Amino acid sequence: APAGSSPYGQALPLFACMDMSQDVDGVPMLPLFMSHADACAAVEEATKADDSSEELEIVGLSLQRAVEQLITVPETPSFRFVPPTRSMDFIQKRLNS
């Protein structure tokens with residue numbers, strides 16, 4: 001939430017690249033990143049791995065919109081939520097101290 005505003009009622013922003021769906025045990029999964037920086041890093045890594053010049057687009061959506069899409073669009077892949085790297089690093093440091 002912006003500084004000085006209440007975090008209650010704010011939408012949870014998520015970031016995805018619709019071209020990055022992966023099969024996990026035969027089920028298509030689309031990673032939804034909670035960090036734009038992590039989404040950018042994943043797109044860069046995928047572009048390098050595929051040795052592609054194709055520009056992959058990152059789209060923003062809210063958690064509410066993601067759930068609506070799962071419910072109303074039958075061909076929507078399952079989602080895999082990716083927590084922010086910074087949050088995971090912080091937790092890991094706390095666990096190790």
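Reader: Why is F81 called partly exposed?

Author: In this predicted model, F81 has a relative accessible area of 40%. F81 is found in strand β5, residues 78–82.

Reader: What makes F81 a member of a nonpolar surface patch?

Author: The patch covers about 600 Å² and is made by F81 together with L12, M34, L63, V67, L70 and I71. Helix α2, residues 63–72, gives the largest share of the patch, 4 residues.

Reader: Why is D25 called exposed?

Author: The relative accessible area of D25 is 77%. Exposed requires over 50%, so D25 with its 77% is exposed. D25 lies in the loop between β2 (22–24) and β3 (27–33). The phi angle of D25 is near 55°, a positive value in a residue other than glycine.

Reader: Which class does H36 belong to, buried, partly exposed or exposed?

Author: H36 has a relative accessible area of 41%. H36 is found in helix α1, and H36 touches F15 and I58, not counting residues up to four places away in sequence. The C-alpha atoms of H36 and P13 are separated by 9.0 Å, although these residues are 23 apart along the chain.

Reader: How do you know that D38 has no salt bridge?

Author: A salt bridge requires a side-chain nitrogen of Lys or Arg within 4 Å of a carboxyl oxygen of Asp or Glu. For D38, the nearest side chain of opposite charge is R86, 8.3 Å away. The distance of 8.3 Å is not within 4 Å, and D38 therefore has no salt bridge, yet D38 is buried. The place of D38 is in helix α1, residues 36–50.

Reader: What lies 2.7 Å from a polar atom of the side chain of D38?

Author: The backbone nitrogen of T85 lies at that distance, 2.7 Å. A polar contact needs N or O atoms within 3.5 Å, so the 2.7 Å between T85 and D38 meets this limit. D38 also touches F33, P83 and P84, not counting residues up to four places away in sequence.

Methods:
Residues numbered from 1 in each chain as written. Predicted model: local features only at pLDDT ≥ 70, side-chain atom pairs only at ≥ 80, totals over all residues. Heavy atoms only, no water. Helix = DSSP H or I, 4+ residues; strand = E, 2+ residues; numbered from the N terminus. Buried < 20%, exposed > 50% of the residue type's maximum accessible area, 1.4 Å probe, protein only. Patch = residues over 30% accessible without salt bridge, like charges linked within 9 Å, V, L, I, M, F, W, Y side chains within 5 Å. Areas by Shrake-Rupley, 256 points an atom, 1.4 Å probe, with all protein chains shown as cover. Lys, Arg positive; Asp, Glu negative; His and termini not counted. Polar contact = N/O pair within 3.5 Å; in protein donor to acceptor, adjacent residues only side chain to side chain. Contact = heavy atoms within 4.5 Å.
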